[in-house]
Amino acid sequence: MKKSILRLIFNLTLILPSALFAQTNRDTVKLNDTIVTLKQCVDFALRNQPAVRQAAIDQAINEKDIRISLSAWLPQVSSTDQYQYYFKGSPAAAVADPAIAAAGSTVSQYSVLGVDASQVIYNNEVLQAQKASKYSRLFYQQNTLSSQINVVSDVSKAFFDVLLSQKQLDILNEDIIRLQRSLKDAYNRYQAGVADKTDYKQATISLNNSIATRKQTSEAIKSKLAYLKQVMGISRDHNLALSYDSTHYEQEAYIDTNQKLDVNNRIEYRLLQTQKNLDNVNVSYYKWGFLPSLSAVGSYDWYYLSNKFSNLYNQSFPDAYVGLTLNLPIFTGTKRLQNLSKARLQVDRADLDIDNSANTINTEYVQALANYKSNYTSWVLIKQNVDLAKDVYKVVSLQYREGIKTYLDVIVSQADLRTAELNYYNALFQLLSSKIDLEKALGTLTVQ
């Protein structure tokens, strides 16, 4: 009776995990129905990620600000219309204009319709807006590019992180199949009286541990997939399945480590240089702030006067002029000089930011290069370990069946094989991630 119960538990241990979790080896994360590649994930993120869209909106807003500032160069035309009723006295125009005064009777109704126009000839503020527009456009274009590069990096890393967990899950499934086979062999040997019960109990312990690890890995995939959706800017309710080619990624893991660092390739460095150019425009603005502003002005007015509203617009008295307006700042309480000193200090600070950025970029490059070389060496060596571990496991399994090796040797070889395979894919995807960091540090990571 005890053996029958034991046999039932043994069979359930073998059958249930394989029925519930069995998967075939294929290069697709089978989570949902929509299958996407890394490039499709990146392309989607570049179109929909909130940070990228916000950067594009900021760029559009800046373009509107530039057009608003530059519109001051165009003629400004306005209309001035007025109506007044005098219950005491008369409009000043009736006294000043002899033709109006000749009209005779008291004037109580007064109206004026006029058109005023002005054209800026020279204005320091408008000139500053024109000079700054070039660098302002460049700054926001670079800011958009910076956001896109960060999205490409984040999406790629998140994509590889999901793939790593999936490969780990595949390896655990293969390990469970081997453990089930070993458990079956150990139990049969116990039934035949060749080995004691400790062998199949050890096999059961190892199998249960692998099943528990598989469950943890399966749940981890869900959380990592949620993060991938976040950096892609995709709805959490949207279903994804990742498609990839293991062989392709092994080929893509290589990069030329002899490339020289050029800080001008880094978008962060170019952003700081553009900001310095904008600061220099401010210096120029305050430096020439003592110059007058000059505008051409003109006006054409129609005056209407009458003692009755019904007759007010029967006769008009036109008035027109053109001229120049010169506005010369004489004394502003040293405000211009203080602003000029402040603008120059901002340029000095921008220089320090650029120098510090160059040092930071060099440090990032050295660290990224060291990580890549370290991960590459680990990947190459661990790749050899996988082949060795497979050979050892096959030999030990055969020797155990022949009674030459103990079951402990089988468990150790199985653990070594699983560890080697897990380490291999961990090293591969770490290598791919470190390659992205190195490309980003070199400034060669593109958004295409």
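The model is predicted, so local features need pLDDT of at least 70 and side-chain atom pairs count only at pLDDT 80 or more, while totals for chains, interfaces and linings use all residues. Residues are numbered from 1 along each chain as its sequence is written, and side-chain values use heavy atoms, with hydrogens and water left out.

The protein chain contains 11 helices and 6 strands. Helices (H or I, at least four residues) and strands (E, at least two) are DSSP runs, numbered from the N terminus. Of its 448 residues, 36% count as buried; buried means under 20% relative accessible area, exposed over 50%, and partly exposed in between, with a 1.4 Å probe and protein chains only. Among contacts (heavy atoms within 4.5 Å) between residues at least 6 apart in sequence, 87% join residues at least 24 apart. The chain exposes about 25,700 Å², of which carbon and sulfur atoms supply 54%. Accessible areas come from the Shrake-Rupley method with a 1.4 Å probe, and for residues only the protein chains shown count as cover.

Spanning residues 50–70, helix H3 has 21 residues and reaches 30 Å from its first C-alpha to its last, close to the 30 Å expected at 1.5 Å a residue; the expected span is 1.5 Å times one less than the number of residues. Val 52, Ala 55, Asn 62 and Ile 66 are the buried residues of H3. Seen down the helix axis, these buried residues fall within an arc of 75 degrees, so they line one face of H3; the arc is that of the directions from the helix axis to the C-beta atoms. An α-helix has 3.6 residues a turn, so residues three or four places apart point the same way. The cover over the buried residues of H3 includes helix H2 (38–48) and H6. On the other side of H3, Gln 54, Lys 64, Arg 67 and Ile 68 are exposed.

Charged side chains provide further links. A salt bridge is a side-chain nitrogen of Lys or Arg within 4 Å of a carboxyl oxygen of Asp or Glu, and by this rule the count comes to 12. One of them joins Lys 157 to Asp 437, with the closest N and O atoms 2.4 Å apart. Lys 157 belongs to helix H6 (residues 124–191) and Asp 437 to helix H11 (residues 407–442), so this pair ties together parts that are 280 residues apart in sequence. Lys 157 is partly exposed, at 29% relative accessible area, and Asp 437 is likewise partly exposed, at 29%.

Another salt bridge is formed by Lys 224 and Asp 161, whose closest N and O atoms are 3.3 Å apart. This pair links helix H7 (residues 198–232), which holds Lys 224, with helix H6, which holds Asp 161, across 63 residues. Lys 276 and Asp 351 also meet in a salt bridge, at 2.6 Å from N to O. Here Lys 276 lies in helix H9 (residues 267–287) and Asp 351 in helix H10 (residues 335–401), 75 residues apart. Salt bridges that share partners also join Glu 63, Arg 67 and Arg 137 into one network.

Phe 309 lies in the loop between strand S5 (293–306) and strand S6 (317–327).
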